[in-house]
Amino acid sequence: MSKNLLLLFYFKKVTTLGRKITILLFFYFLSSFSIAQQTINGNVTHDNVPLSGVSVKIKGTLRGTTTGIDGNFSIKADRRETLVFSSVGYEEQEIEITNGSDLHVQMISTASTLGEVVVVGFGTQKKMNLTGSVSTVSSTELETKNVAKGSLALAGELSGVSVRQASGNPGKNSAKITIRGLGSFSGAGTNPLVLVDGIESSLDNIDPNDIKSVSVLKDAASASIYGSKAANGVILVETKMGTSGPVKISLYSYFGTQKATTMPQFLDSWDYAAAYNEALVNGGGSPRYTPEDIQKYRSGTDPINYPNFKHMDYLWTSGKGIQNKEGISFSGGSDKTKYLFSGSYFDQQGLVMKNFIKRYDMRLSVNSKIRDNMDLTVNLSGNNADTWEPSAATAAGIDVLTRGALRLTNRIPGPLPDGYFGTNETIHPEADLNSKSFVNNKDFYLYGNVGLTWNFIKNFKMSGRAGYTNSTNEYNWFVAAYKITPTMSITPNKLTNRWSKGSAMTLQYLLEYEKSFSNHFIHLLGGYSQQQYKSSFLGAFRDQFPNNDIYEIDAGAVAHGTQTGNASQSKLRSYFGRANYSYLDKYLFEANIRYDGSSRFAENNRFGVFPSVSAGWRISQENFFRNALPWMNDLKIRGSWGKLGNQSVPDYPYQNLYSLSQNYPFGSALSSGAAILTLANTNITWEKTAMKDVGLDMTVLNGRLSFTGDYFVKTTSDILYNISASGILGATPAQQNAGTVENKGWDFDVSYKGMSGNFSYGVSANISFVKNRVISLSNVTKDVTRGLFVGYPMNSRYGYIADGLFVDAADVAKYPAQPYIASPGTIRFKDISGPQGVPDGVVNSTYDRTIIGQPFPTSTYGLTLNAKYKGLDMTVLFQGEGGRKDYVAAWEFFAFDNDGNVQKWMYDNRWTPDNPNPNAGYPKMDIKSTSYLPLNQGGSPSTFWLKSATFLRLKNIQIGYTLPTAITNKLSLKKVRLFANGENLFTIDNFYPGMDPEMNVSDSYGFYPLTRTLLFGINVNL
């Protein structure tokens, strides 16, 4: 049997751990028969300066190395083979080996990015040879931001990628990332797949300072090799690695302050009293507050009985609002082994007292050439985060305090001299804040990744990778016992403990073949992977602790104690392959296929096939084009089609599951029982996404100006949906594959880089447009409760069309009858239809509601400006969204709702009998009538309350100065850079005053404002 047949035979047999070890030993044995080669040593420079990290590769093979910090390299090769030298920012060079003498290679600088290497699924490709839609961002761009989490670093950087931060709460301030629109309304979700060095993880589990590059696979051609997890796009993160040479030590530190980007402003107590009187009169009642009462509020002479206490200010200025981070890294090694170790400490104190996160990150990366044709890579990382926030008794976390501070008017006092607190029924945020109640999350994350690569035969490469992640969380919600007023208190104290753990094991095997001959290039990849996920949960509750300082479960009383627990697991087995072919680097073709099997589906629906094809034509390589347009460096058109999947459904949806703790009466006591609460669906299967993409890539002016444009159609089918059923069934029907959603859109990127003497500058911009609509929804055309309407975007707002405000009683009488008791100063709803399909003089919910808006943007955009002059550098990032209209939650932001507060903009823009403006910005002050308010119980959402959430934000600006070498040399330092950084500095928008349009506040229980941050720091290289 030939060597090749043996290899194929053993690769096919890789099904158990024992066989996997056997094949590695077998290949290791075969490597002793490798063909004799000569060692080529050399040095790579630019303007006589050694270049590190230059890729040195044997053309047409997968063998290669990189230069060390001194620019030197060593590689074994056959005579007549060709070495290819490439590095970002330099022209690629090829040198044929003729003898064993040392090589001295001089690289030529270029502004072109055509030779740039881009990380793609299970490998890398040159940017000029890509046929799929891939957007990248490097550490150079990311390092201009000092963000708390990795997900926040992508804001405004990439077309087709929406990054929205919903909260500024330390530890809970992650960004929601969406790639090319929302494709599903089911529990399978819309989150993209994130892979860190090839292993599934999260952007927020990485220290942003450890990221080398991020690639976003936006179309099916680039993402289909990840099959059933790629429907929402794929984000590939490559972390930093060590370089050969003497040890390099880098340190950084920064310190800064935070404030809310914007906050609602409420009426002072005397204005509130006047507004309350006006509302009573408008409702036919009598004033409550006398002129003397209003004057006492205004004078401030009796702050206990006539206070003007600003509850929001008290809450959001009670914290320190500072943050700091320190980090260090060591890197170095030899041509054989390179290493990098990094560690950091992050401390962010919130805007609210007792609200903070402390996080520690550590990471180790080792790359070793254990043989001339065998490389070993080891990545280990972990982080430990401790997050705290104050809490109330009614619900866990700070949201309840936010709600209370929003609702309490300034006429209600805060902390009182006798130690008690002001309150309105059950709302008392200052008492909660000053109590010993808290929510604490302790999170630990461990990441391990080991990879072995072996060029066992010329043109062949085999690699294996094993990855393991483990995350644990300890959750504690402690409600202290405390007094609010002499007659009101929170008791007893109580504690809820939860422990959860999740782990994932990944095994991957790849076999690659690469060959160049004549004008042809072929690259083949085949692989196998298996993943296993496990999760477990354990919870306990007790109350009546001896005091507020002991909050361990054992210290509580057992009388009311409860315990809960569960566990689940799932597995995924995959086979995949890719074929690349190019002719003259001009005609490009790629095909991918993945065959996935998931334990989450029944046996007859367990496996799915996810293919893709793509092609590209580099028109600029045609002779006729070169002669006609010699100034154009590159012009490529490309197209792709493929299918992706989404298997992120709950575990065991095809099985009838018994729900425990279903107690039932038996005799005079309750007995433990179990019941099937949800009927199984044995036919449940993948949500599938088909995507078509047409793109154009263009580079001119020697690479200084580049442009990329894409048009895509993304259709997701078999979306899981709960079919309505009669309550007589006695159980909830299982989800069915019954929905289809389409996203159509455009992505555009343009950038320009220039230089004049010591001054260099750059401009890059991106913008994306996406139109989302529901294509089908089982056998119905709309689901009002979930905001699903066939032909319209997901989560559409449904309500009445407003036609201003009623001017007077005559206006009310002549206008169509309203669905509430209308009066002057309330909202006029248009009569748009009736039983016969035409207006009938009556406005009701059956015929006169329609689609009035959507809470998701139809466009996202970003603009980056950077400049550098000698040691001074500056980067400015603008970010924004367009096309979104939304509400805010009624109970938080509408005057007198359930005895709630009044904001200044409402009072200043209200309708009054003296100024009956039909276009006033707020209806009349009215305590009784709230039926025309949005999202209120029994209310009627309308266009009157929809505000444009389009915004443009100065997201980030950083100014740095690098000390001259004359100074750093005297200090025995290699580099010192000082910098100042600002985030969320200002926003242009027309949303509700005091509310940040990026936050999701339409259906929220509470909110935590985004923060404006100013930082000052230093980077030092030893």
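Q: What is the relative accessible area of Gln530, and how do I read it?
A: Gln530 has a relative accessible area of 22%, so it counts as partly exposed. Buried means under 20%, exposed means over 50%, and partly exposed lies in between, with a 1.4 Å probe and protein chains only. The model is predicted: local features need pLDDT of at least 70, side-chain atom pairs count only at pLDDT 80 or more, and totals for chains, interfaces and linings use all residues. Residues are numbered from 1 along each chain as its sequence is written, and side-chain values use heavy atoms, without hydrogens and water.

Q: Where does Gln530 lie?
A: Gln530 lies in strand β28. Helices (H or I, at least four residues) and strands (E, at least two) are DSSP runs, numbered from the N terminus. Now look across to Ala466. Gln530 and Ala466 are 64 residues apart along the chain, and their C-alpha atoms are separated by 9.9 Å.

Q: Which strand pairs with β28, and over how many bridges?
A: Strands of a sheet pair through backbone hydrogen bonds, either parallel or antiparallel. Here β28 (residues 520-543) pairs with β29 (residues 557-583) in the antiparallel sense, over 23 bridges. Two strands pair if DSSP finds at least two bridges between them. To find one spot, take Phe541: it stands opposite Thr562 in β29.

Q: How many bridges join β29 and β30?
A: Twelve bridges join β29 to β30 (residues 587-598), again in the antiparallel sense. Gly577 has Ile593 in β30 as its bridge partner. The hairpin of β29 and β30 has three residues between the strands, and Leu584 there takes a positive phi near 60°.

Q: What is the strand order in the open sheet of five strands?
A: Read across the sheet, strand by strand. The order is β11-β16-β17-β14-β15, and the pairing is mixed. β11 (134-138) and β15 (199-200) stand at the edges with a single partner strand each, so one side of each has no neighbour in the sheet. Inside the sheet, β16 (residues 211-217) and β17 (residues 234-239) run antiparallel and are joined by six bridges. Ser215 has Leu236 of β17 as its bridge partner.

Q: Which residues touch the most other members of the largest nonpolar core?
A: In soluble globular proteins, nonpolar side chains tend to be buried together. The largest core here has 62 residues, and Phe896, Val902, Met925 and Met995 touch the most other members. Such a core is a set of buried Ala, Val, Leu, Ile, Met, Phe, Trp, Tyr and Cys residues joined through side-chain atoms within 4.5 Å. Elements giving two or more residues to this core include α5 (269-282), α6 (291-299) and α13 (904-908). α5 gives the most, with six residues. A second, separate core has 25 residues, among them Leu142, Ala153, Val196 and Val237.

Q: Which residues is Phe896 in contact with, leaving aside its neighbours within four places in sequence?
A: Its contacts include Tyr272, Ala275, Tyr276 and Ala279, as well as Met925 and Ile927. Contact means heavy atoms within 4.5 Å.

Q: At what angle do α5 and α6 pack?
A: Two packed helices are described by the angle between their axes and the distance between the axes. For α5 and α6 the angle is about 155°, and the axes are 7 Å apart. The two helices are therefore roughly antiparallel. Angles over 145 degrees count as roughly antiparallel, under 35 as roughly parallel, 65 to 115 as roughly perpendicular, and the rest as oblique. Axes are lines fitted to C-alpha atoms, for helices over the stretch in contact, and angles run from 0 to 180 degrees between N-to-C directions. α5 brings Ser269, Trp270, Ala273, Ala274 and Asn277 to the contact, while α6 brings Ile294, Tyr297 and Arg298.

Q: How many residues of α8 are buried?
A: Seven of the nine residues of α8 are buried, so that helix is mostly covered. Among them are Val400, Leu401, Leu406 and Arg407.

Q: What is phi for Asp197 and for Asn795?
A: Most residues other than glycine have a negative phi, and most peptide bonds are trans. Asp197 has a positive phi near 50°. Asp197 sits in the loop between β14 (193-196) and β15, and is buried at 16% relative accessible area. Asn795 has a positive phi of about 60°. Asn795 is in the loop between β42 (788-789) and β43 (797-799), and is partly exposed at 28%.

Q: Which residues does the cis peptide bond join?
A: The cis bond joins Thr491 and Pro492, with omega about -5°. Pro492 lies in the loop between β26 (488-490) and β27 (494-517).
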